[in-house]
Amino acid sequence: MSIAISNDVSPATAARAAELNKDRLYARRARVDRMFAVLLVVQYVAGIIGALTVSPYAWEGKVHAIHMHVWIAVIGGAGIIILPILLALFRPGTTLTRHVIAASQMLSSALLIHLTGGRIETHFHVFGSLAFLAFYLDWQVLITATVVVAADHFLRGIFWPESVYGVANPEWWRFLEHAGWVVFEDVFLIWSCVMGRREIESSALREAQIEELSEQEQLKTAALQMALAEMQATA
Amino acid sequence: MSARHGISALLILAGLIWAGTVGAMYRAVRRFETTPGRAAAAHDQWPDASRISRPAGAWTLVTLIHPHCSCSRATIEELQAIMEKAPPSLHSFVLVYRPSDFPAGWEKTDVVEAAYHLPRSHVVIDVDAREARLFGGFTSGQTFLYDGNGHLRFSGGVTALRGHAGFNRAVASVVRIAKSGSGRASHPVFGCAIISQQEGASR
């Protein structure tokens, strides 16, 4: 039996669809928050292992001491992930949580890039992270992440250009070139977020309409059963 | 205090730690990467007492390396770039530090292994930094470029920052001087100390 869904949406159905949409988005975003909480811990451990492997000690002749990279990985890494993890645990699904996670994920990228001595390959972490952030289906989160990346490059480009561009006197607009590649990815991720949101909204509306039809069918069935019962009683 | 208020206070504290860490980390990293090591007291002429025989009439690059300094990897990468871009007449010596009271083989690291594969280069184990002292260098990554007559043409590191590989002014200077046969340049050196401040002061 097929169910014909009308294009006309009653206020009650629209309200129910909005409620379903909100619930689904919340459940999805809370799941993504938990995923990022785990990912941030994994990255933190990877950063420490990387620092211990690549640069465990700083040397002065025969004498060695724990390398600054190890301290930065341990203390700096913990400082970066503590807030997003607590928010993911205690405030899952909220706007603040996912924006803090986006900023922290980008800061984790910056930390990993630093710990690997600015290796160009580590910059791929930024692009992978943006794709993960798109799981939220909230394009504004991508803007936060992009602003953090651009600000990192802009500030380091002004005060510390060699660390990010490899040359001492880059053009003032060089951070825009780097951020431009991020924006290039953002365009498609934002489009996928908008499409994903529409699909969830559409699915929620269909479910609300089916619920409405189901209720109407149940009412009809109940009315028929009552009518039948009355006929049997009078027969 | 209710659990809700307790969690809010915890999150505010975490927020403060988060913001503080980001600021402090940027500052610490910046200071670490941009603080150069001790500059060389380089001599204008190839040291006569050196046991390294300079190829007669050829331009020669001499680089000091601490085998366990992580920043040395970036130096070796930049040396590779220099040797590829410079004229084929340029030769290179990589002096690898090893204290005499440390076991032989202590200096065998991935950095030194990479140095063995540099084109037109020789790796020399520099016991107790004897050669480094003769050349006047104190810091891992310190590089000297000498012309065919043994005159010093470049002194400094060949990385832009501590442990950062990538094309930079120092590499450009060395390649330009080696190609043109004229000019002099210097650059800060970033790396671990081969000769400590105390040892250097007592020279």
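This is a predicted model: local features need pLDDT of at least 70, side-chain atom pairs count only at pLDDT 80 or more; totals for chains, interfaces and linings use all residues.

Visitor: What pLDDT does chain B average?

Guide: pLDDT is the predictor's confidence in each residue, from 0 to 100. Chain B averages 92, and 97% of the residues score at least 70. For the complex, the predictor gives an ipTM of 0.79 and a pTM of 0.81.

Visitor: How many helices and strands does chain B have?

Guide: Helices (H or I, at least four residues) and strands (E, at least two) are DSSP runs, numbered from the N terminus. Chain B has 6 helices and 6 strands, in the order α-β-α-β-α-β-α-β-β-α-β-α along the sequence. Its radius of gyration is 21 Å, well over the 17 Å that the globule rule gives for 203 residues, so chain B is more spread out than a compact globule. That radius is taken over C-alpha atoms, and the rule is 2.2 Å times the number of residues to the power 0.38.

Visitor: How much area do chain B and chain A bury between them?

Guide: The size of an interface is often given as the accessible area lost when the parts come together. Here a 1.4 Å probe is used and the loss is summed over both parts. Chain B and chain A bury about 3,400 Å², 68% of it on carbon and sulfur atoms. B:Leu11, B:Trp18 and B:Tyr26 supply 19% of the area that chain B buries against chain A, more than any other three residues. By contact (heavy atoms within 4.5 Å), 43 residues of chain B meet 40 residues of chain A.

Visitor: Which residues form a salt bridge with the closest N and O atoms 3.0 Å apart?

Guide: Side chains of opposite charge can pair when their charged atoms come close. The rule asks for a side-chain nitrogen of Lys or Arg within 4 Å of a carboxyl oxygen of Asp or Glu. A:Lys62 and B:Asp101 form that bridge, and the rule finds 1 across the interface of chain B and chain A. Over all chains the count comes to 11.

Conventions. Residues are numbered from 1 along each chain as its sequence is written. Chains are lettered from A and ligands numbered from 1 in the order in which they are written. Side-chain values use heavy atoms; hydrogens and water are left out. Buried area is the accessible area (1.4 Å probe) that two parts lose on being put together, summed over both.
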